[in-house]
Amino acid sequence: MYSNKPNEILNAWLAFEVLSPQTFRKYKDLVTSPFGTYIPLKNEGALPWEDVDKYQKDKYRLYFHLVINTIDFEKAIHALVNVYADKVPERPQAKGKAIISSILLNENGVPLQQSIASFAYGFVHALSKSLTALSKWADVEAEWQKAITKILSKYDEEGSPLPISRQTIEELSQYLIKEIGIDATYLLEEAFVITTYEYGKGDNMPAPLLLNSFYINDLMKAQQLVNERNVPTLLTKYLSAAHNNPIDLLKNIPVLDELIAPKNIPLGRWPGPNRHPLVLLQQAAVNAALREIKDGDILAVNGPPGTGKTTLLRDVVAGIIIKRADKMLTYDDPMKAFKATDQRLNVGAAFLKFFELDDALCGFEMVIASSNNKAVENISSELPSMEAIANDANELRLFPCLATKVLEKEGWGLIAAVLGNGSNKSRFKQHFWWDKDVGMSTYLSEVQGYPQIVDKYTENGEVYQEIPTIIQEIDHPKNSSDALQNWLIARENFENAKAKCALSLKELDAARKKLQTLKELLSEESNIRQAILAIESDQENCEAHLHSAASQSSLYEEEVLQLQKEKLQLQAGKPGFWARLFKTKKYRLWLQQLALLELDIKLIQQKIKKNDHLIRDAEKQIKKIAAHLHKLLLERHALERKIASCRQKIEKVRTKVDGHFIDDDFYKLSQQEQQTTSPWCNKETQLLRDEVFIAAIKLHKAFIDAAANPLKHNLGICMQILSNTEFDSKEQKELVKSVWSSFFLVVPCISTTFASVERMFYNLPLNSLGYLLIDEAGQALPQAAVGALLRTKKAIIVGDPAQIEPVVTLPSTLTTAIAKKLSVDPSIYNAPVASVQTIADNISAYSTNIEGRTGTRKVGLPLLVHRRCDNPMFSIANAIAYDRLMIHAKPTPKANLIQKVLGDSRWLDVQSISETKWSPEEGYVVIDLLQKLRSNNVKPNLYIVSPFTMVVDHLRKLILDSNVLAGWENDPHTWVYEQVGTVHTVQGREAVAVIFVLGASGDDMNGTRNWAGGKPNIANVALTRAKSLCYVIGNEAAWRSAGVFSDISRLLKKEIV
């Protein structure tokens, strides 16, 4: 039914994004510069650029954003919901205005750049159900751009461009309304202006206003690449069919055993807090990420809440840094990794040179991306912090004062940076580069041989000069010779650390190989034992035959003697001469008796002879058997010695690693014991792995010092890129990859939301960066990752489809209809059912199946050991979302202050019936709980969440109106917006307790309750934010039949309030 071809998938995703514009509620939302203002365009009077002195600022260049028409976005979405009969009870709010077009003007009002929004076009076609037209936006936009350029292109007699006039504004407005064909009832104001400013005398223009989806340009680019059959391998993989033979590591023990083998364990790891090691499947995931995935590969990791996703990613980051350090070893002088070019970038009166970085050092860049701002910021701010490393990892430092400045809390090293949006980039540049006291520019200048001095101020405001903090605190070379000598020492130390760790892992791998050897020896010994038993049986048979033959021979010989005796007796009675002469009857009878006796003797002697042959054959066979048996006994004895030696060596390692040894008996242990085991490496080996990472960081520091000159130029250019500088020449654009890779040499990871990927890497060639690490992928729209996948080579995608699904503003009936119309399976590629995570799970080489209320769910390589929540939160989540596969490994909890005041986790049963989703009585219970905490002077380290926006809005107002926070929390208004929210707002966060307010208790709200409980996602996220306690507030009788809430009702104590 669905062909699901790459071009069709991209067409469907583009169609969704055509209908997903940027919106604004207040005009100040469009102001991006410090002095920017909103100017309405009145029917009369001068246009702003005709009265330019009024808006100019000293030292700043003035620009105008002219906005042509806006659409009432809420009204438009409401119309689409009506047309497509969507009845989802809790829809993301669609508010504000969507711009149709904007023009960037210089201070004289001359057009510089124009933008057209896709939404108006898409809305009209969706409303009329012309769904295939939505994917044609790229062609339509190109046509309209030409027409707009023609309208705006007006010149004076000398050929100079004229400023835009009211007449041109009206002409442009009418053209757009006519071409779009939109009903005037959806239009708001016709035109207005936003002023914006750029500092200094440069020629860089401000970024245009954002009108369209963040993803639309990359989707169109991907469309073009598909048509040209030139799609980067990683995106090709993402758009491919499901993996034919995924491996379930929970069932395929041989593959799991091989994956966690010591030879596959990376040489280094991240020395985290208390130096806790990774457990079984965490280590398997890291090994797969660092040892198995190649360019174009995607590894999906399924990470339920509290299972150590961030811990896993830290080891991946460490492993990639070590991989690059390996490549660094090949340079006897880091300067040789850079090649000077003839390209330079003028920056005011100065210039920066472009240096080309050796390809061997490219491909290790790490981009951490997510749709969730908090998720990417949490990881990037956690990695460089002192809280992320062991207290005793004193040698692990990389420009700590700079890291502290950027983080705004104590840091050990600038291993990651939060970039992405404009404010993040601006703040980062200011701290990282331009800060004269701790900035990298200051440091590199000093290392280059230019002594640095910084002005500082006394408490009285008096100026004094001092050596910058980064120079005082960071050990740095005095000259290039010193830097090179430090490099050689760091290189040797790294090689030594690697060699020690490699030797330890080699010993472990040898023990693992001995296990296989032991199996083979035992099998061989068993075969020999069976052969010996068979030969001994043959020997017994031969000896029995020999004995029987010998006994028979004795009988025959006795019989011969008897016959011979009888013959002698017969001969003694031989008849006389005459009887013989005349052959008398007596003589003939005697002859007859003699002949019979002689015949009997002959026959018996023949038997004896035959029997003698049998005896000789038996004796030969017995001798042969004895020789073979002796040989087998010798072989068995040798095997027994080998087995004993093998067992001795195995036991020696088993004793040494103490509980980390993996053999057949290990897989007979309980799942609890298996999954909580760290495979193979004991504390000693783990410390050696820590030392490898520490040595790799020191090697990077020495590399930076020894290559200060090219790095200072490339990093300076990178700061210009972060300021949206455009490069005109092809040669400079081709060198952007080297510029970014140089930056990643100094800051190995950067984080960004998917929304910022295109704007941040706008100059970067496709397929240029090494690793894409996606976090909270279950929350991301499938199409959101396309831009990041276009620019990277490998992807490690971590998330959980059983937590919050992607947020979609459009009616699901509309997006489903679009997908079907374009021959795309909506169950695979259409959010909210689909996400980046579900697609990755579908194509990953490793996966497992989880059975649930709604059927079977295929997930990627699973993480199972949960360490965040106490019971009952863990038991509930495990039952409703994870088929009870998770393993609880959190230590026995200690009573906390909130528990002492509010009691154990329970369902507070408010037996009221409300007409809306909001129940005031439930709100009063929340206030009562907060009041008890306040009365006992216990800080409210908790979240108050609900499935419904209406409930959250009322709760915030009720809490503020109650004044319960006044004098208890410093800023009550901030508290209610940070700690009170819908369940969607708290994914990736945690607190001691969660208050889960249900609402929707009315008899006519079964559909609403079933929406919230029909899937495990909402309840799962809500309850697993709580480390120690949860309090569910709502009408238990109304909710207990709503899907997963039946389990919650069963597993929670109840109290009627």
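Student: Which residues in H1 are buried?

Tutor: This is a predicted model, in which local features need pLDDT of at least 70, side-chain atom pairs count only at pLDDT 80 or more, and totals for chains, interfaces and linings use all residues. Residues are numbered from 1 along each chain as its sequence is written, and side-chain values use heavy atoms, with hydrogens and water left out. Buried means under 20% relative accessible area, exposed over 50%, partly exposed in between (1.4 Å probe, protein chains only). In H1 the buried residues are Glu8, Ile9, Leu10, Asn11, Ala12, Trp13, Leu14, Ala15, Phe16, Glu17 and Val18.

Student: How many Å does helix H1 reach from its first C-alpha to its last?

Tutor: Helices (H or I, at least four residues) and strands (E, at least two) are DSSP runs, numbered from the N terminus. H1 covers residues 6-18, so 13 residues. The expected span is 1.5 Å times one less than the number of residues. That gives an expected 18 Å, and H1 is close to it, reaching 18 Å.

Student: How many salt bridges does the structure hold?

Tutor: Side chains of opposite charge can pair when their charged atoms come close. A salt bridge here is a side-chain nitrogen of Lys or Arg within 4 Å of a carboxyl oxygen of Asp or Glu. The structure's count is 40.

Student: How many residues apart in sequence are arginine 791 and aspartate 218?

Tutor: These two form a salt bridge, with closest N and O atoms 3.0 Å apart. Arginine 791 lies in helix H25 (residues 786-791) and aspartate 218 in helix H6 (residues 216-227), so the pair ties together parts whose separation in sequence is 573 residues.

Student: Which helix holds aspartate 690?

Tutor: Aspartate 690 forms a salt bridge with arginine 275, the closest N and O atoms being 2.6 Å apart. Arginine 275 lies in the loop between helix H8 (253-259) and helix H9 (280-292). Aspartate 690 lies in helix H20 (residues 683-706).

Student: Is glutamate 387 buried or exposed?

Tutor: Glutamate 387 forms a salt bridge with lysine 409, the closest N and O atoms being 3.9 Å apart. Lysine 409, at 32% relative accessible area, is partly exposed. Glutamate 387 has 60% relative accessibility, so it counts as exposed.
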